[in-house]
Amino acid sequence: MSEGENVILDTNLGKFELELYWDHAPKTCKNFAELARRGYYNNTIFHRIIADFMIQGGDPTGTGRGGTSIYGQKFEDEIHPELRFTGAGILAMANPGTPNSNGSQFFVTLSPTPYLDGKHTIFGRVKSGMRVVQRLGAVAVDPQDRPKDEVKIYKGTTSLPTE
């Protein structure tokens with residue numbers, strides 16, 4: 001694994017690339033990139049989508065209650081005051097509402113969500129493919145915010161940034 005790697009998620013609605021913030025959240029970035037490299041996210045679904053808020057995935061059980069980190073246990077938050085939920089396309093770790101409970105689940109914001117500042121580890125942003133993320137965020141959902149039609153991650157891969 002190479003620090004500075006990005007992650008590309010190939011979904012049934014298209015691909016998007018996530019730039020990871022290795023300097024701010026190295027342990028979280030390592031977890032996410034390594035899970036992608038191992039194929040952990042392959043054929044998983046976005047199990048929770050709330051329009052104008054976020055898309056959430058990374059749970060191989062598809063229930064929102066599963067998933068483990070590369071560290072085996074839940075791992076600690078890496079929250080930095082200079083990283084804030086200022087707009088759409090912010091990548092962060094999902095948790096059950098308790099600190100230091102990160103596993104494999106993540107979410108991408110669809111709008112500013114300042115009320116989440118200091119509660120979730122921000123570890124990246126959408127670098128390309130924001131239109132795909134917007135399409136993901138616009139799918140029809142049931143009353144529990146689960147997509148009516150499966151929204152799937154076919155494959156997660158890592159790549160070195162190009163610039």
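**A tour of the sheet and its core**

Analyst: Happy to! This is a predicted model. Let's start with strand S6 (residues 90–93) and strand S7 (residues 106–109), which pair in the antiparallel sense over three bridges.

User: Which residue in S7 does alanine 92 stand opposite?

Analyst: Alanine 92 stands opposite phenylalanine 107.

User: And which helix packs on the sheet touching S6?

Analyst: Helix H1 (residues 26–37) does; besides S6 and S7, H1 touches S1, S2, S8 and S9. The direction of H1 makes about 115° with that of S9. Helix H2 (residues 130–137) also packs on the sheet, with S1, S2, S4, S5, S7 and S8 as the strands it touches.

User: Zooming out, how many strands form the sheet, and in what order?

Analyst: Nine strands make an open sheet, ordered S3-S9-S1-S2-S8-S6-S7-S5-S4, with antiparallel pairing. At the edges are S3 and S4, each pairing on one side only.

User: What about S9, how does it pair with S1?

Analyst: S1 (residues 6–11) and S9 (residues 152–159) are antiparallel and share six bridges. Within that pairing, threonine 11 has isoleucine 153 as its bridge partner. S9 is also joined to S3 (residues 44–45) by two bridges, and there threonine 44 stands opposite isoleucine 153.

User: Changing topic: where does phenylalanine 46 sit?

Analyst: Phenylalanine 46 lies in the loop between S3 and S4.

User: Is phenylalanine 46 buried or exposed?

Analyst: Buried, because its relative accessible area is 1%, and the cut-off for buried is under 20%.

User: Which residues does phenylalanine 46 touch, leaving out those up to four places away in sequence?

Analyst: Among them are Thr11, Phe16, Ile55, Phe106, Leu136 and Ile153.

User: What does the largest nonpolar core look like?

Analyst: That core has 30 residues, and those with the most contacts inside it are Leu18, Leu20, Phe32, Phe46, Phe106 and Phe123. S1, S2, H1, S6, S7, S8 and H2 each give two or more residues to this core. H1 provides the largest share, five residues.

User: And what is phenylalanine 123 in contact with, beyond its neighbours within four places in sequence?

Analyst: Its contacts include Leu20, Cys29, Phe32, Leu91, Ala92 and Phe106.

User: Which residues are in the second core?

Analyst: The second core is separate and has ten residues, including Met54, Leu83, Ile90 and Leu116.

Methods. Residues are numbered from 1 along each chain as its sequence is written. This is a predicted model: local features need pLDDT of at least 70, side-chain atom pairs count only at pLDDT 80 or more; totals for chains, interfaces and linings use all residues. Side-chain values use heavy atoms; hydrogens and water are left out. Two strands pair if DSSP finds at least two bridges between them. Helices (H or I, at least four residues) and strands (E, at least two) are DSSP runs, numbered from the N terminus. Contact means heavy atoms within 4.5 Å. Axes are lines fitted to C-alpha atoms, for helices over the stretch in contact, and angles run from 0 to 180 degrees between N-to-C directions. Buried means under 20% relative accessible area, exposed over 50%, partly exposed in between (1.4 Å probe, protein chains only). A nonpolar core is a set of buried Ala, Val, Leu, Ile, Met, Phe, Trp, Tyr and Cys residues joined through side-chain atoms within 4.5 Å.
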